[in-house]
Amino acid sequence: MISVYIDLAIGLILAFLLLSLLVSGINEAFVRLLGIRSKFLWAYLRDTLDGPEGGRSWIPSKIADVFAKLPFSSDDPRPAHSPDPAPAVVEPLRVDSATVLASENAEEKVSKEIAEGVAPEGVAGKTAEETGPDEAGVGGPAAEDRAEPPTPPVDMTARLYERLQEIDHPKGARTSIANIPPERFSGAVMELAAAEEGGIDGLLAKLEAIRSPLAGHLKGVWQGAQRDAQKFRQGVEDWFNGEMQRLSTLYARYVRWVVFALGLVLTLLFSMDALEYGKTLLRDNAYRAGVAAIAGGGGEAYAALRDKCAGAEPGLTEPYQCVTESLSSPALVKIFDHAIVSITIPPDGSDDPSFHWNGGAWWDRLITPGHWPGYLLTMVALLFGASFWWDVLRRLTGVRGNRS
């Protein structure tokens, strides 16, 4: 009796494993074809290095944006692919941080004077040509000091990619990098810092000047490292590793909904009723036990075999042919017999596989409420993924993985 339930468990696990592999394969093919994982990574890097574009974050905020808007949008966050190796000499940022900082201080001064009523409203944000002498007032700031601090057009994402070109491989016009090792990222940051006159302090000053969100992150790491370059590199590596884990969690949350949708479609397409399939496994085991009893001399079990063969297809009414056909077509082979299009593979391999349209029978099963609990059980099982069911099967059968 125990072996019967073990066979039942193995049969169900194999069925869930096959369907989960199919779901994972379709999802992975879709992700690789459209480069979703790579675009998701570089969307995060755009937000971190250059900031949101026009106040809009590059990172998608909805499930529809991840798998509908992000893959097909013309505004690709990934840098253009370059087949050349990384430049041997890293050019420093062409940003005069002192000038930008002075302009920002002037802007803050104007805002303060507007709040105190010293300067009229509407002066902030005007250029020197747009601000007239009357608006300055007595003792007010000069018109040129009221100009909005310019943000130099620096593409930090492209500069980072220059240091990562060596790990890229050609795949279209855009980079296909979907994973950046934390130690590679920290090394790229150190290379960018080494190109600046003031080292890490110089890089942080220029990042603040161009208003890069990365400045705040690196500044906190630099202060936590007590201005030690080696500790700073390790701190950047740890910070980036944590960010990648957080990004992977966010991406997995979106993928889970896609896996659920694919599982729902495949469950209904193949009409996979887990409860009915479990009953089929038990009947299959019972039939094989009856055949074994006959082979052992149990003549009383021949009645069950005769009843089964009596309702078989024409040409299989003979007990020998009926037993051969049944034993060569176990329940696992018939798992997709109720799909909208079924495939029949001849056991002897003499003929080509045949396809059968089961639209009518498939629709009748689909609208039958008795199958809905089995469909629900199948969809829930597919959410665990192929790796989960493979691990359960490995533990149940005692198969051990290779150890390095």
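Of the 404 residues of the protein chain, 38% count as buried, where buried means under 20% relative accessible area with a 1.4 Å probe, protein chains only. The model is predicted, so local features need pLDDT of at least 70 and side-chain atom pairs count only at pLDDT 80 or more, while totals for chains, interfaces and linings use all residues. Residues are numbered from 1 along each chain as its sequence is written, and side-chain values use heavy atoms, with hydrogens and water left out.

The protein chain has 16 helices and 2 strands. These are DSSP runs, numbered from the N terminus: helices are H or I with at least four residues, strands are E with at least two. The accessible surface of the protein chain is about 23,100 Å², computed by the Shrake-Rupley method with a 1.4 Å probe. Carbon and sulfur atoms hold 59% of this surface. Among contacts in the protein chain with a separation of 6 or more, 69% join residues 24 or more positions apart. Contact here means heavy atoms within 4.5 Å.

Two packed helices are described by the angle between their axes and the distance between the axes. Helix 7 (residues 182-194) packs with helix 8 (residues 199-209) at an angle of about 90 degrees, and their axes are 7 Å apart. The axes are lines fitted to C-alpha atoms over the stretch in contact, and angles run from 0 to 180 degrees between N-to-C directions. Helix 7 and helix 8 are therefore roughly perpendicular to each other, a class that spans 65 to 115 degrees. Helix 7 brings Val 189, Met 190, Leu 192 and Ala 193 to the contact, and helix 8 brings Gly 199, Ile 200 and Leu 203. By class, this contact has 6 nonpolar, 1 polar and no charged residues; Ala, Val, Leu, Ile and Met are among the nonpolar types, and Gly counts as polar.

The buried residues of helix 8 include Ile 200, Leu 203 and Lys 206. Just after helix 8, Arg 211 takes a positive phi of about 60 degrees.

The structure also holds 12 aromatic pairs. Rings of Phe, Tyr and Trp (its six-membered ring) pair if their centres lie within 6.5 Å. Phe 16 and Trp 389 form a tilted pair, 5.0 Å centre to centre, with 45 degrees between the planes. Phe 16 is buried, with a relative accessible area of 7%. Trp 389 is buried as well, at 12%. Ring pairs link Phe 16, Phe 384, Phe 388 and Trp 389 into a cluster.

Key. Parallel < 35°, antiparallel > 145°, perpendicular 65-115°, else oblique. Buried < 20%, exposed > 50% of the residue type's maximum accessible area, 1.4 Å probe, protein only. Phe/Tyr/Trp six-rings, centres within 6.5 Å; stacked < 30°, edge-to-face > 60°.
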